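This report describes how the parts of a protein chain are arranged and joined.

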Amino acid sequence: MTTEERPKLSNKDRILMPHQEMPLRPAESRVLNFEEVPIGYSAEQAEKEAMRCLQCKKPHCIEACPVGINIPGFIKLIEQGKPEEAIKVIRQTNFLPAACGRVCPQDKQCQAVCVVGRKHHPVGIGNLERYAADYERLHRKMEMPEVLPPTGKKVAIIGSGPAGLTAAYELVTKGHEVIVFEAFHRAGGVMVYGIPRFRLPIQIVDEDIKFLEKLGVKFVYNMIIGKVMSLDDLLEKEGFDAVFVGTGAGLPRMLDIPGSNANGVYSANEYLTRIYLMEAKKFPTYTTPLYSGKKLAVIGAGNTAMDVMRTGKRLGADVTCYYRRSREEAPARSEELKHAEQEFINWRWLSNPVEFIVDENNFVKQIRCEKMELSEPDETGRRKPVSTGQYFVEDCDTVVMSLGCSVNPIIPSTDKMVRTNKWGVIMVDDATCQTSKKGVFAGGDAITGGSTVILAMGQAKKAAAAIDQYLKGQLTEEAKVPTDPNYSVQSWKPASRKAEKEGQSVDAR
Ligand SMILES: Cc1cc2nc3c(=O)[nH]c(=O)nc-3n(C[C@H](O)[C@H](O)[C@H](O)COP(=O)(O)OP(=O)(O)OC[C@H]3O[C@@H](n4cnc5c(N)ncnc54)[C@H](O)[C@@H]3O)c2cc1C
Ligand code: SF4
């Protein structure tokens, strides 16, 4: 359909058009396998949803996107039936659109400020981004970007999550030689070892990696920087002119209660990594074992807990969530919680685990919880769980703790020139992402302690721009890296007060 064929619509007509819901696979069949749950918009649905955009003169949605995508610009092209043009607009600022269209918390970012959303459902910006990106992939329309002539400068990227991949893209297209060092045998970071395949199919990440390889980025796997080679080795012996640290926040927090060290008790990170990266779900074809039984107890109610529960369900377990607050306080995004609820999970709200009871071989067999109630809201508005002195015990044969993560400590602990705050988060100059060590920059979860794919990408873009300046000798000012150990980065504010209130918490408890 062309623009000329479209009726001219007033803003009122557009606002009143019904929101196009993303079609999902039915819960009964989707829990039987790891295939993607949302099916994606048809061209007709995408064009109808795009018609709801008012093309605001001052579009707050752009400001609320951490990488500043020209949102009304690409939506207009979808409305005009030109997804192949729409994706070009998205790619000007976002190198991972198929992943972001699927996993970004748009309800807390661009969609939180969409003016249509004041009274109606906001424009489905994420679903439209996904539509344009899928169109490009399925029609093999991916265009190579312009790559500037070689500069003779060499940059090491440590970690291949969204931060490392984005920095690699930005720097290789500026003509620098880029080598990515990754501790695991596969690139993608949490996108391949955390976020489940039924939310983000691995082929999508693999295609993005291949795209980077075509642009000239080299990947070195099974290489832990800080153990096998130090930052000084990279800068002084291996001839790198700058380093970007994108090592993420993969150090799990665990409950310290009796039975925490029992067999069958995992962190969410270990559980998901075994299943997705090490393919434990295909044991014994793959050699990674996973003691995953029939009754899975998951502690926490954040987004990661939802991923663990839905994964356990697909492995055939009866899954129960234990959370010490009520459903109202659950930190998971409402969509993630809704999808988990559709998938036959059992919920034990206001239940605080106090012990994992073990059998004679130290295998977990039961979970003991204290029933909680909620206090009045405190100064932050959050209600605290309060003991009731009443307990209950339930059977389980696997426990997964999903209580948030801290920054991977290897790099700062092996190079004292890299300053961290008291929580081990790498501190950087807010304007350039430079660390306290000359020539070393950082971004992503390593500098926030845990956030989102798109925030990690936004910081990596900032860091890459500064590295480019540094390599050209244009970054002459000394880095202003905070010295206060209580400092924590606030490099991007959530899109609205409502979003701020609902903001993603790294502490899923
Ligand atoms: C289960 C789960 C679900 C999530 N779901 C979402 C979601 O739906 N939407 C969203 O926006 N965000 C989500 N997040 C958060 C998001 O994935 C992270 O914020 C994002 O991946 C951070 O990117 P990063 O590049 O900083 O780090 P990571 O993705 O963690 O990548 C870091 C990489 O560095 C490597 N590495 C670490 N140390 C070294 C070393 N010393 N040497 C070499 N390599 C090293 C690691 O192996 C890893 O590959 C989720 C997180 C988890 C755990
Ligand atoms: S705020 Fe909403 S209506 Fe306005 S340009 Fe952005 S997506 Fe369109």
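Contact is taken here as heavy atoms within 4.5 Å. The model is predicted, with local features needing pLDDT of at least 70 and side-chain atom pairs counting only at pLDDT 80 or more, while totals for chains, interfaces and linings use all residues. Residues are numbered from 1 along each chain as its sequence is written, chains are lettered from A and ligands numbered from 1 in the order in which they are written, and side-chain values use heavy atoms, with hydrogens and water left out.

The chain divides into domain 1 (3–138), domain 2 (154–250 + 406–502) and domain 3 (289–403), with bounds from an automatic or database domain assignment. The C-alpha centres of domain 2 and domain 3 are 32 Å apart. Between these two domains, four residues of domain 2 are in contact with five residues of domain 3.

Buried area is the accessible area (1.4 Å probe) that two parts lose on being put together, summed over both. For domain 2 and domain 3 it is about 420 Å², of which 53% lies on carbon and sulfur atoms. Pro-196, Phe-198 and Arg-199 account for 93% of the area that domain 2 buries against domain 3, more than any other three residues.

Two salt bridges (a side-chain nitrogen of Lys or Arg within 4 Å of a carboxyl oxygen of Asp or Glu) are found across this interface of domain 2 and domain 3. Arg-199 also takes part in a salt bridge with Asp-307, at 2.8 Å from N to O.

A disulfide is a pair of cysteine sulfur atoms within 2.5 Å, and the whole structure has zero disulfides.
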